[in-house]
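Please look over the structure below. A short briefing follows, grouped by topic.

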Amino acid sequence: MKQNYWRPAAALFPALLSAALLMGCDETKTGAAAREITKDTSCALDGMVLQDFPGPKAQIHYEQGEPEFFCDTKEMFSQLLRPEQKRRVVAVYTQDMAKADWNNPQSYWVDARKAYYVVGSQKRGSMGPTVASFAQEQDARAFAAKEGGKALPYDQVTLDMVDLTGGVVHDTM
């Protein structure tokens, strides 16, 4: 009797191919779609209810667990740029403030890593001066011309630009 040793391997082929393809995928294409803010959505860092405050919001989706929401883009950057952040991020979203209402931002989620940011403007969010987010560079530049600050792509925003300590760390006795 002749046995077919390839049958079990052939049955595994689709699963192995899918796994290999997923490993090469862009992180934002893993099925972690942006979620809408509800009246109960609160900030992962301070518990503030997102709908109670103006300015752009953010969300980080990790490989495991529920996404974390942030009431301010400074908090998002502070979380992502810290060297101790080791969890695998599969998607990051922020709002396109060229489309969203600044005082009551809803929807208009964009891939935060492809967005442009205005650092140093006078516009305020939930944590005071904030980092405004935009899907298009020209919208970020127009905002900076009107509100002050400098338009930068995601990879040029640094941890010192989004310091959440308010200078407390630098206080001396």
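In which sense do strand 1 and strand 3 pair, and over how many bridges? Strand 1 and strand 3 (residues 89-95) pair in the antiparallel sense, over five bridges. Two strands count as paired if DSSP finds at least two bridges between them.

This is a predicted model, in which local features need pLDDT of at least 70 and side-chain atom pairs count only at pLDDT 80 or more, while totals for chains, interfaces and linings use all residues. Residues are numbered from 1 along each chain as its sequence is written, and side-chain values use heavy atoms, with hydrogens and water left out.

**Overall make-up**

- The chain has three helices and nine strands. Helices (H or I, at least four residues) and strands (E, at least two) are DSSP runs, numbered from the N terminus.
- Along the sequence, the pattern reads α-β-β-α-β-β-β-β-β-β-α-β.
- The chain has 173 residues, and 38% of them are buried. Buried means under 20% relative accessible area, exposed means over 50%, and partly exposed lies in between (1.4 Å probe, protein chains only).
- Among contacts with a separation of 6 or more, 62% join residues 24 or more positions apart. A contact means heavy atoms within 4.5 Å.
- The accessible surface of the chain is about 10500 Å², and carbon and sulfur atoms account for 54% of that. These areas come from the Shrake-Rupley method with a 1.4 Å probe; for residues, only the protein chains shown count as cover.

- Strand 1 covers residues 58-62, and five of the five are buried, so the strand is largely enclosed by the rest of the structure.
- In a regular strand, side chains alternate between the two faces of the sheet.
- Both faces of strand 1 are covered. Ala-58, Ile-60 and Tyr-62 are buried on one side, and Gln-59 and His-61 are buried on the other.
- Strand 2 (residues 68-70) runs antiparallel to strand 1, joined by three bridges. Ile-60 has Glu-68 as its bridge partner there.
- The hairpin of strand 1 and strand 2 has five residues between the strands. In this hairpin, Gly-65 takes a positive phi near 90°.
- On the strand 3 side, Tyr-62 has Val-89 as its bridge partner.
- The ring of Tyr-62 also has a charge over it: the charged end of Arg-87 sits 3.6 Å from the ring centre. Such a charge is NZ of Lys or CZ of Arg, within 6 Å of the ring centre and within 35 degrees of the ring normal.

- Three strands form an open sheet in the order 8-5-9, with antiparallel pairing.
- Strand 8 (132-134) and strand 9 (150-153) stand at the edges with a single partner strand each, so one side of each has no neighbour in the sheet.
- From one strand to the next, the twist averages 30°.
- Strand 5 (residues 116-119) is joined to strand 8 by three bridges. Tyr-116 stands opposite Phe-134 in strand 8.
- Helix 3 (residues 137-147) packs on this sheet and touches strand 5, strand 8 and strand 9. The direction of helix 3 makes about 15° with that of strand 5. Axes are lines fitted to C-alpha atoms, for helices over the stretch in contact, and angles run from 0 to 180 degrees between N-to-C directions.

- The buried residues of helix 2 pack against several strands, including strand 1, strand 5 and strand 7 (128-129).
- Ser-78 belongs to helix 2 (residues 73-81). Ser-78 is buried, at 3% relative accessibility.
- Beyond its neighbours within four places in sequence, Ser-78 contacts Leu-159, Val-162 and Leu-164.
- Pro-83 lies in the loop between helix 2 and strand 3. Pro-83 is exposed, with a relative accessible area of 61%.
- Pro-83 and Leu-159 are 76 residues apart in sequence, and 9.9 Å apart in space, C-alpha to C-alpha.

**Aromatic rings**

- The whole structure holds five aromatic pairs. Rings of Phe, Tyr and Trp (its six-membered ring) pair if their centres lie within 6.5 Å; planes under 30 degrees apart are stacked, over 60 edge-to-face, and the rest tilted.
- Tyr-117 and Tyr-154 form a tilted pair, 6.4 Å centre to centre, with 55° between the planes.
- Tyr-117 lies in strand 5 and Tyr-154 in the segment after strand 9, so the pair ties together parts 37 residues apart in sequence.
- Tyr-117 is buried at 0% relative accessibility, and Tyr-154 is buried at 17%.
- Phe-77, Tyr-117 and Tyr-154 form one aromatic cluster.
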